[in-house]
Amino acid sequence: MQNMMKHILHRPIHHCCRRAQYMHHPSPTTHLLLNRPISTLSTTHRHTHQSILPNIHPQHFYQIINNVNEYRNFLPYCQESKILQVSQCGSMMDAVLTVGLPGLSVGAASSLLEERYVSRVRMLQPKMIGGNVVEKEGCWSVEAKSIQSNLFDSLKSRWQLSLFDIASTDTTTADYTTLQSQQQQNSITKGDSSYSLPSSTTNNTHSCNVRFEVEIQVSNPLISFTLDRVLNDVARKQVEAFEKRCRNVSFDAGGR
């Protein structure tokens with residue numbers, strides 16, 4: 001793992017201000033679980049979680065996401081988090097995470113099976129002047145893709161954040177109504193998406209519309225089976241952890 005880290009740190013991020021050119025490194029076949037052969041066919045697991053978070057500015061949520069070094073202090077199942085390098089323009093970075101896999105344990109102590117992987121992260125935010133979003137349909141986004149992993153063939157995630165003004169009478173209100181309808185349908189229809197809305201949005205003039213997407217490809221059948229059971233819950237807990245962090249850490253309106 002140390003040799004891998006040296007290789008990544010000596011591989012600078014290029015084209016950071018263009019569309020991200022993610023590098024893919026095929027994952028080696030793993031026999032960590034049950035010492036059984038692993039299928040050569042990957043299974044893809046996807047989940048999307050969407051929430052409206054009252055009294056949180058998207059820029060604040062965006063700052064918390066980008067502060068990867070602090071993940072280990074508040075994010076469930078995260079044992080290690082470290083930024084390895086940042087591009088000169090500040091819009092891309094490489095980061096390493098060590099996470100426990102809920103539902104899978106090893107050894108007599110039933111400790112979580114851990115995975116240490118490196119991701120390349122691309123961060124984009126709308127143009128702002130005086131704290132106001134200049135761009136129409138302004139959106140903050142953070143996209144990550146694994147570039148080295150042992151257990152996962154591929155791990156991708158994307159955060160999309162936008163201002164949500166429930167007091168407005170424009171299309172934003174229609175969007176809120178649509179989310180309510182989708183939430184009701186989701187309660188009776190099996191799917192890969194979940195929605196969370198505040199019980200009351202009165203007087204919430206600066207709320208954050210959060211959309212979190214995660215996609216994981218794995219060849220190990222046991223890990224695939226576990227992801228079927230826990231991925232939705234893990235995604236929900238991640239969003240909740242970031243929301244709680246926002247409410248516990250002061251918003252730096254001038255920060256990136």
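## Aromatic rings

Tyr71 and Phe74 are both buried, where buried means under 20% relative accessible area, exposed over 50% and partly exposed in between (1.4 Å probe, protein chains only). This is a predicted model, in which local features need pLDDT of at least 70, side-chain atom pairs count only at pLDDT 80 or more, and totals for chains, interfaces and linings use all residues. Residues are numbered from 1 along each chain as its sequence is written, and side-chain values use heavy atoms, with hydrogens and water left out.

A pair of aromatic rings is described by the distance of the centres and the angle of the planes. Rings of Phe, Tyr and Trp (its six-membered ring) pair if their centres lie within 6.5 Å; planes under 30 degrees apart count as stacked, over 60 as edge-to-face and the rest as tilted. Phe61 and Trp159 are both buried. For Tyr71 and Phe74, the centres are 6.0 Å apart and the planes are at 80°, so that pair is edge-to-face. Ring pairs join Phe61, Tyr71, Phe74, Trp159, Phe212 and Phe242 into a cluster.

## Ser157 in strand S8

Ser157 is in strand S8, which covers residues 154-164. With 18% relative accessibility, Ser157 counts as buried. Leaving out residues up to four places away in sequence, Ser157 touches Val142, Glu143, Ala144, Phe212, Glu213 and Val214; contact here means heavy atoms within 4.5 Å.

## Helix H4

Helix H4 takes in residues 221-248, and at 1.5 Å a residue its 28 residues should span 40 Å; the end C-alpha atoms are 39 Å apart, which agrees. (The expected span is 1.5 Å times one less than the number of residues.) H4 also bends by about 55° at Val230, the bend being the angle between axes fitted to the seven residues ending there and the seven starting there.

## Two loop residues with positive phi

Asn55 has a phi near 60°, a positive value in a residue other than glycine. You'll find Asn55 in the loop between strand S1 (43-53) and H2, and at 54% relative accessibility it counts as exposed.

Tyr77 isn't a glycine either, yet its phi is positive at about 70°. Tyr77 is in the loop between H2 and strand S2 (78-86), and it is partly exposed, with a relative accessible area of 24%.

## The whole chain

The chain has four helices and 10 strands; helices (H or I, at least four residues) and strands (E, at least two) are DSSP runs, numbered from the N terminus. Along the sequence they follow the pattern α-β-α-β-β-β-β-β-β-β-α-β-β-α.

Of the chain's 256 residues, 47% count as buried. Among contacts in the chain with a separation of 6 or more, 69% come from residues 24 or more positions apart. The accessible surface comes to about 14,000 Å², and 48% of that belongs to carbon and sulfur atoms; the areas come from the Shrake-Rupley method with a 1.4 Å probe, and for residues only the protein chains shown count as cover.
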